[in-house]
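Please read them with the structure open beside you.

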Amino acid sequence: MRKIGSSDFTFPVGDSQKWARLGISGLVSNNTFEASYTQGMYSDTTATGGLHHPSYKEYWVLDKVAGTSGAKVTLYWEDDDFSGIASNSAADLCVAHFNGSDWEDIGYDGSGKSGINGWVRSGYQTSFSPFTFGARSGLNPLPVELIDFRARRLAEHKVELILSLIHI
C-alpha cells in the first residue's frame, strides 16, 4: 500500500488472516511511503545494542520511495496473545528496526493498550526497512513455543525438568 503526502497516516495493512496496522507521523514534507505486513519470522533475528530480541511472529516493511522527511513509526497489535505482548511489560516493549545486519531498538515515544489491542511508537526515524515489536530486557516474552519437555527423577522429592523452547 502506498501513501503520498505530508500528513500522518495509518496503513490498513495485513494479510488474508490478520489486520496489522502500521502508522507514520511527524512528517515535515511531501513523501511517498509503501508499507506491507508479513506474518512469520524475519530471516535474521540477531539483536544488538539495547534490544534483547525482536518478535519472531510478524514484521512490517516500510519503505520511503520518495522524499526527504523522516517519521515516527507506530506498530499496532489487535490481539496481544497472537503478537506475544505481555500485559504487564509495556515498559519493556519497543519498536525494533532491522538495520541491514541486526535488529535494534529505535527509541520510544509512547505506547497504549485497551483490552487486547494496543500500539507502540518509535522515536523519529530517517532509515526505513523492516520493523517489528522488540523486547528490551526479556521481560516481554514475545512468542515462544515448547518444542520438548522431559522430566527425570533424581531422588525422592527431587526432579530435573528439561525444556526446549523456540521463539516464534
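1. A definition is needed at the outset: two strands are taken to pair if DSSP finds at least two bridges between them. In this predicted model, three bridges join strand E2 to strand E3 (residues 22-25), and the two run antiparallel. Within this pairing, Phe9 has Ile24 of E3 as its bridge partner.

2. The E2 and E3 strands belong to an open sheet of five strands, whose order is E2-E3-E7-E11-E10 and whose pairing is antiparallel. At its edges are strand E2 (9-11) and strand E10 (111-114), each of which pairs on one side only. On average, and with direction ignored, neighbouring strands of this sheet are turned by 20° against each other. As background, the strands of a sheet pair through backbone hydrogen bonds, either parallel or antiparallel.

3. For the chain as a whole, the secondary structure comes to one helix and 14 strands. Of the 168 residues, 41% are buried, and the chain exposes about 8,600 Å², of which carbon and sulfur atoms supply 50%. Among contacts with a separation of 6 or more, 66% are between residues 24 or more positions apart.

4. The largest nonpolar core has 23 residues, and within it Leu22, Leu62 and Leu75 touch the most other members. Two or more residues come from each of E3, strand E4 (31-39), strand E6 (58-66), strand E7 (71-77), strand E8 (93-98) and strand E12 (130-135), with E7 giving the most, namely four residues. A second, separate core of seven residues includes Tyr42, Cys94, Ala96 and Phe98.

5. A polar atom of the Ser69 side chain lies 3.0 Å from the backbone nitrogen of Val28. Apart from neighbours within four places in sequence, the residues in contact with Ser69 are Gly26, Leu27, Val28, Ser29, Asn31, Phe33, Lys64, Tyr124 and Phe128.

Notes. Residues are numbered from 1 along each chain as its sequence is written. This is a predicted model: local features need pLDDT of at least 70, side-chain atom pairs count only at pLDDT 80 or more; totals for chains, interfaces and linings use all residues. Side-chain values use heavy atoms; hydrogens and water are left out. Axes are lines fitted to C-alpha atoms, for helices over the stretch in contact, and angles run from 0 to 180 degrees between N-to-C directions. A nonpolar core is a set of buried Ala, Val, Leu, Ile, Met, Phe, Trp, Tyr and Cys residues joined through side-chain atoms within 4.5 Å. Buried means under 20% relative accessible area, exposed over 50%, partly exposed in between (1.4 Å probe, protein chains only). Contact means heavy atoms within 4.5 Å. Accessible areas come from the Shrake-Rupley method with a 1.4 Å probe; for residues, only the protein chains shown count as cover. A polar contact is a pair of N or O atoms within 3.5 Å; within protein, one must be able to donate a hydrogen and the other to accept it, and residues adjacent in sequence count only if both atoms are side-chain atoms.
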